[in-house]
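I am keeping these notes on one structure. Each entry says what I looked up and what I found.

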Amino acid sequence: MDNLNKAITCLRLATGVMCLGLALNAFSGTAIGTFLFMEWEWSHHSSVRTEHIMGYIVLAVGVSSFLYPVRPLLAVAAVYAFLVAYLGYKTGGYHFSEYTLFAYFVRIVTPLAFILALFIQKKNWIQDRSRSWAKVLLRVLSISLAITFFTHGVEAIGSHPFFIDMIIGSGINLMGLYIPESVALQALFVIGCVDILTSLWIAIRPNIYVAFWMGTWGLVTAMARITETGWMSYPEVLVRAPHYLVPLAVVALLFFVEKKEEYRVNTLATDIGI
Amino acid sequence: MNTNNAQPFSAYKIYIVSMINIVVLLGLMPILSAIAVTPDREGPYHVRILWTQNPSKHAVVSWTTFSATQKATVYFDTQSREGDLAAYTHKSELALTGEITLTDSDMEMEVPRGHYNHAEMKGLNADSRYYFVVESDGKVSEEMYFITAPDSDKEISLFWGGDSRMGAADPRYAGVHPHENRKAMNRLMSELLAENPNIYALAHGADWGVTADWRHLYWWFHDHELTTTEDGRVLPLIASRGNHDRSIGFEENFWLGEDLPTGQYYYTSQLTPEVALVTLNTEVSITGDQRQWLEKELASLRPNNRWLMVQYHVPAYPAVKDFNATTASRVRNFWVPLFEEYQVDLAAEADGHCLKRTLPIKGGKHDPEGVIYIGEGGLGVPQRETDNSRWFVQEPGMATSAHHVFLIDFRMDGLRTRAIGMDKKVLDDHELQPRMVASQVE
């Protein structure tokens, strides 16, 4: 499997797993239901039912993205992810809700990036053209990751109470160790700074090591939902799939672009007889 | 010919007159809009009483003004002085004032620009009527009164409710979409308060407004005035903070006095020597400093109180929302074991927009020795359908969708909780035996 296909596989997994998470969240209640009930004054029954229907649609999109990705359906996933984020911002009621669109950015972009990746794959262009489109894809993914990680960094530096509880709760559950709140706050400051630095790095100059770090950290922070509150929080891990799979797609794309670059230089050297 | 000459002239004249009208109207616009948003009476607005740790001796008086306050004094006495400032025995100076933060939405909604004002009444006599007026820059409020908490082992009653927010992000008020449900609940509380002088305060399980921005709190405080009885009895508030109360406006308008740290919103109110209400905050870290404080507090309160109650916003045992939601799980994992260890008598929760009373729960299952969780919030917010298949709301528990306020009677021989619906019907009636008596018998 070449590196472009590896990147496509990462995006396929990220989209599919995220859609499963989104669907599970829809069945247990999201900002969409709250918005329909509180803002549009629908009956609670109708709001919940509508949310469930949307959940089934997203579930279908998730399954299809694993088996047979259909581009318009992937666009539906992106629209749904946007809707959840936008209505979360509109209805509020949680910390840093004003940053929701930024925090969810990579989730919104992932299905769209998957569409672009499929487009590149389908065209089967000559190497130079596919390389330049892969560069576009790499840029889109790097900047999306950067926006999400930067926002999380700002929230961490802003002492997000959820993050404090995640550190303390995971410490108790994993190690039987009580981490005082003051220590958790210091850790959050460092975590926030690292998030901001890595997001700036990946946005300005995508790098394999930074992308690996982001993928690992994305997985750790997603899993922290389970280590803190238990296995029943698994939909929160699924919905964050782009946080740990998109960085791997970035790594694969970096290999793809750099190898093509090498190939191009070598071909050029041969052509001019060096 | 005349006609030909007159037409351009009259068109010119109409143009000039129109322009003058537009200029005049534009000039008057700020004045007209100021008139449109000017409150309908002079003097301190939104006068309210907050109870914190020691309501038999202390209360916070808060009010709104519509210009910066230079000097303000609260005059108070155990006898009515009918507003004669010189006659009041006690007075307290303004402790904290400032301009209320306005967001763009507040300005779009043309809510009057306000200033928060707070003063503390200290050294009060227990179980006494205190008549008070607020003088703020020469303007004096009407005389009102409240009754301080008793310092003897007396039977008392308390309102408990939550979720008094309106439906939408923009407040829909008079003429647009009157928030009648909240007003109706406030009128009901006023009626019940007039009938039952033994009710001392309203403990609020939070989500006061859609946000704690001024366009919401302005109308909340306005509507709260409806709880005042005809003879001027004010219903003191015991405030908790919810997920919709996170903006700075909450801290500006709900000041808990000098003894409590700003923004913390977890504290114990000793309502009588035998009744303690612990207010917790689900909007700050649940597992950190607050949990450590809670453990110490419950350990010291339990042996000394017949009745030990807790209130907070996000429910451990939700009757509507996701049982596995993060905050609900946190409350169950980190607070509930303490409630069970220290045998809390009653836990009041909000957020779900429904009415519920759970089975007694211990160790995650029905246990007659366990803790009962009531509430979920019905002080005016639109009500959701409950999930009655959940094990913890099966009989003898209950769950339904209805606006309500709980009337809690802390008696010597029992703790009675009644959920009173908007039409004053009793929707649920339940009684608990005191735990300490039971353990003493053993």
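Entry 1. What joins the side chains of B:R182 and B:D223? I looked it up and found a polar contact of 2.9 Å. I note here that the model is a predicted one, and that applies to every entry.

Entry 2. I stayed with B:R182 and asked where it sits. It belongs to helix 3 of chain B, which covers residues 180-195. Is B:R182 buried or exposed? Its relative accessible area is 2%, and the limit for buried is under 20%, so I wrote B:R182 down as buried.

Entry 3. Next I listed what B:R182 touches, leaving out residues up to four places away in sequence. Three tryptophans are among them: B:W208, B:W219 and B:W220.

Entry 4. I turned to the place where the chains meet. Chain A puts 29 residues into the contact, and chain B puts in 34. The size of an interface is often stated as the accessible area that is lost when the parts come together, so I looked that up as well. Between chain A and chain B about 2500 Å² is buried, and carbon and sulfur atoms give 47% of this area. On the chain A side, A:M38, A:H44 and A:D165 supply 22% of the area that chain A buries against chain B, more than any other three residues.

Entry 5. How many salt bridges cross the interface of chain A and chain B? The rule finds two. A:D165 forms a salt bridge with B:R330, and the closest N and O atoms are 3.8 Å apart. I also looked up polar contacts between chain A and chain B, and the count is twelve residue pairs.

Entry 6. I then checked which elements of chain A face chain B. Those that give two or more residues are helix 2 (31-39), helix 3 (44-67), helix 8 (161-175) and helix 10 (208-229). Helix 8 of chain A gives the largest share, eight residues. By class, this side of chain A has twelve nonpolar, twelve polar and five charged residues.

Entry 7. Last, I looked at cysteines. A:C193 has a relative accessible area of 27%, so I noted A:C193 as partly exposed. B:C354 is at 0% relative accessibility and therefore counts as buried.

Conventions. Residues are numbered from 1 along each chain as its sequence is written. Chains are lettered from A and ligands numbered from 1 in the order in which they are written. This is a predicted model: local features need pLDDT of at least 70, side-chain atom pairs count only at pLDDT 80 or more; totals for chains, interfaces and linings use all residues. Side-chain values use heavy atoms; hydrogens and water are left out. Contact means heavy atoms within 4.5 Å. Buried area is the accessible area (1.4 Å probe) that two parts lose on being put together, summed over both. A salt bridge is a side-chain nitrogen of Lys or Arg within 4 Å of a carboxyl oxygen of Asp or Glu. A polar contact is a pair of N or O atoms within 3.5 Å; within protein, one must be able to donate a hydrogen and the other to accept it, and residues adjacent in sequence count only if both atoms are side-chain atoms. Helices (H or I, at least four residues) and strands (E, at least two) are DSSP runs, numbered from the N terminus. Ala, Val, Leu, Ile, Met, Phe, Trp, Tyr, Cys and Pro count as nonpolar, Asp, Glu, Lys and Arg as charged, and the others, Gly among them, as polar. Buried means under 20% relative accessible area, exposed over 50%, partly exposed in between (1.4 Å probe, protein chains only).
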